[in-house]
Amino acid sequence: MITLLFALLAAPAAAAPSLNADVETQVQDLLSRMTMDEKLGQLQQLDGLADGTARPEQAELARKGLLGSVLNVRGAANVNALQREAVEHSRLKIPILFGFDVIHGYRTVFPIPLALASSWDPALVKDAARTAAVEAEAAGVRWTFSPMVDIARDPRWGRVAEGAGEDPYLGSVMARAWVRGYQGGDPSQPGRVAACAKHWVGYGAAEGGRDYNTTEISERTLREIYFPPFKAAVDAGVLTFMSAFNDLDGEPASANAFTLTQVLRGEWKFPGFVVSDYKAVDELISHGVAADGADAARLALTSGVDMEMVSRDYASNLPALIQAGKVPASAVDEAVRRVLRVKFLLGLFDRPYADQSRESIALFSAENRAAARRAAARSLVLLKNDGNVLPFSKALKSVAVIGPLADDRAATLGSWTGDGRAADARTVLDGVRAALPRAAVVVSTGGAIGALSDLDISSAAAAARAADAVVLVLGEMADMTGEASGRSTLDLPGRQLELARAALSAGKPTAVVLLGGRPLALGALLNAAPAVLEAWQPGTQGGDAVADALFGDANPGGKLTMTFPRSVGQIPIYYNHKNGGRPASDKYYSSKYIDGPWTPQFPFGWGLSYTTFTVSGLAVDPVSISAGGRSDVRVYVANDGARAGDEVVQLYLRRRTADVTRPVAELKGFRRVSLKPGEDARVDFTLGPKELGFLDRDMKFAVEPGDYDITVGTSSVGGLSARLTVAP
Ligand code: GLC
């Protein structure tokens, strides 16, 4: 049976929030009645307390109309208490906008974004965002600082966990999915929140993988690699941006008129507002481009940062700067206009309060937890499965669950978990016990990762010897990834490799489950372990999802969206690299290493299954087009194994010659396909100017005459090839 599947093309973008005439009239009317202090109040975001309540002084600021937004105040009662001060007691009754980092779930925690991206299932990501929005909005949060759409090519950087990986095309598809899941068609509706594309821009290129570090990115690379997911977010109607901490080619991202105004406003016509990252305005002093807070305020505002997060340089300095003619009052007005526009589009004036009756119903429902479990299962990537060790039989009489993360709730939940609670997280040990209620489960979790003792290692070996099969849970603790968690190595932290070797020495069927937020250099572990399942940080239901895969109730179908290096020394290493004049080969004078392979451990797009698939029948029609023409690409994929499963069919382009150097491969289409044993499907892609064009020597987007190699396969390596010619 052949199913006709059309690839998810760059689906027509939802219109960016058009300048609604009625909203603009209300904005202008309100702006015209505001004092300068009230205007500056709208450009100020302050931080609440960790417990979700507002700071005492914030009630007075709200009453005076001097507080436009807060972050971290959450919970319907806490939000409404502060909102009442603004809406019922301030002069103009402008509602406060409540923001919070809902990065991969609010109370029900989904897998981290890098895991969700590994599902190659934008519909899944959209649904996860939708669920997070419903929970967050019920708790009074109307704005999430998500999605993080930074392209990341360096796994030493801890924040790769929060993004979609190294590719601009996949990153763009996921950015669209996140924004549409959060905002829907009308963000003023209950269950919707404003999204925030962050961190604008280039943050993921931090030198050395050290967070907040300097970045040097050519305009060509900015526009072709780092901008696209942000542009996709704008096209999907994202209401806000967040400016980044890093400096970019000598200009801090939070004082960069080129990116904040020329590109974002001039080229992209973005109508929403830009909030700085946390104190990033004041950090312009540390960057050395501002002498003091007044300088910082002037630079940030006039470059295009509309709202200041937490630091108070705008409120403290702009009145005098305007008085002195150093900052035009019009710059403040335009920033306030943008903030008010978003508040109107969010329906805040009509519906400023949280509905406390909805909060208890919406949060952590069985339905949401089931969705989180399914998302976690679809995000798993089977890296290795020699001898089809996995899935284990459910008839096992005994199974050993070993490793410091096997019962670590925080490591399972993730690195930025909103209002999620580690106590709720289902660990791998929980999942195995639930999946095999009658089996003997031998547990050896040992000490903390950094303190594994000889006894822990010997007990791991003993546990493995005592069981019929072994689940080894290894990787990183929750606080080893995420913000400010750069690592200088990618090895398994602590003595985990020793522990793994001890367990493997028992010679039992053994599967390694990796928990963590970044690609690791698996090296010796990989040589020793027959099966390795990448589970990332799988969220509240992570342990059950992992058990679903370990015992065959789920067949892993995820694919890597970041290259796995063999060693940290290979970084930067990514699939869409340039060919160079002497590409790496066995030749002496070539771009190789003298002390090891130049190829990755696992390439972008890699992932195995419990079944096997065959891709066949690649056809390109027509094989020659004009510069503005389109060509249809068709391929068949068949499940020729004995178990139902998913495959991700991926289409890559390579432009052999052009007037600039081009990557050796560029992802331009993908489709995750579910097939029963013996089933096959046809997958269709269409290639047109959007996919074929690139920036020429003059930085103009063009489709140049020439040849393209089209490769369609199941990872960025290998596949079927054909040629497409763009005729002069
Ligand atoms: C943090 C992060 C940013 C987050 C913000 C508010 O430092 O860089 O991603 O949204 O501050 O918590």
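Tutor: Let's start with a term: buried means under 20% relative accessible area, exposed over 50%, and partly exposed in between, using a 1.4 Å probe and protein chains only. This is a predicted model, where local features need pLDDT of at least 70, side-chain atom pairs count only at pLDDT 80 or more, and totals for chains, interfaces and linings use all residues. Residues are numbered from 1 along each chain as its sequence is written, and side-chain values use heavy atoms, leaving out hydrogens and water.

Student: How many residues of strand E15 are buried?

Tutor: Strands (E, at least two residues) and helices (H or I, at least four) are DSSP runs, numbered from the N terminus. E15 spans residues 469–475 and is largely enclosed by the rest of the structure, because the buried residues number 7 of the 7.

Student: Which residues of E15 point the other way from Ala469, Val471, Val473 and Gly475?

Tutor: In a regular strand the side chains alternate between the two faces of the sheet. Here both sets are buried, and the other one is Val470, Leu472 and Leu474.

Student: Which residue in E16 is the bridge partner of Gly475?

Tutor: Two strands pair if DSSP finds at least two bridges between them. E15 and E16 (residues 510–515) run parallel, joined by 6 bridges. In E16, Gly475 is partnered by Leu515.

Student: Nice! And how far from an oxygen atom of the ligand does a polar side-chain atom of Arg159 lie?

Tutor: A polar contact here is a pair of N or O atoms within 3.5 Å. For Glu483, the polar side-chain atom lies 3.0 Å from a ligand oxygen. For Arg159, the distance is 2.7 Å.

Note on methods:
A polar contact is a pair of N or O atoms within 3.5 Å; within protein, one must be able to donate a hydrogen and the other to accept it, and residues adjacent in sequence count only if both atoms are side-chain atoms.
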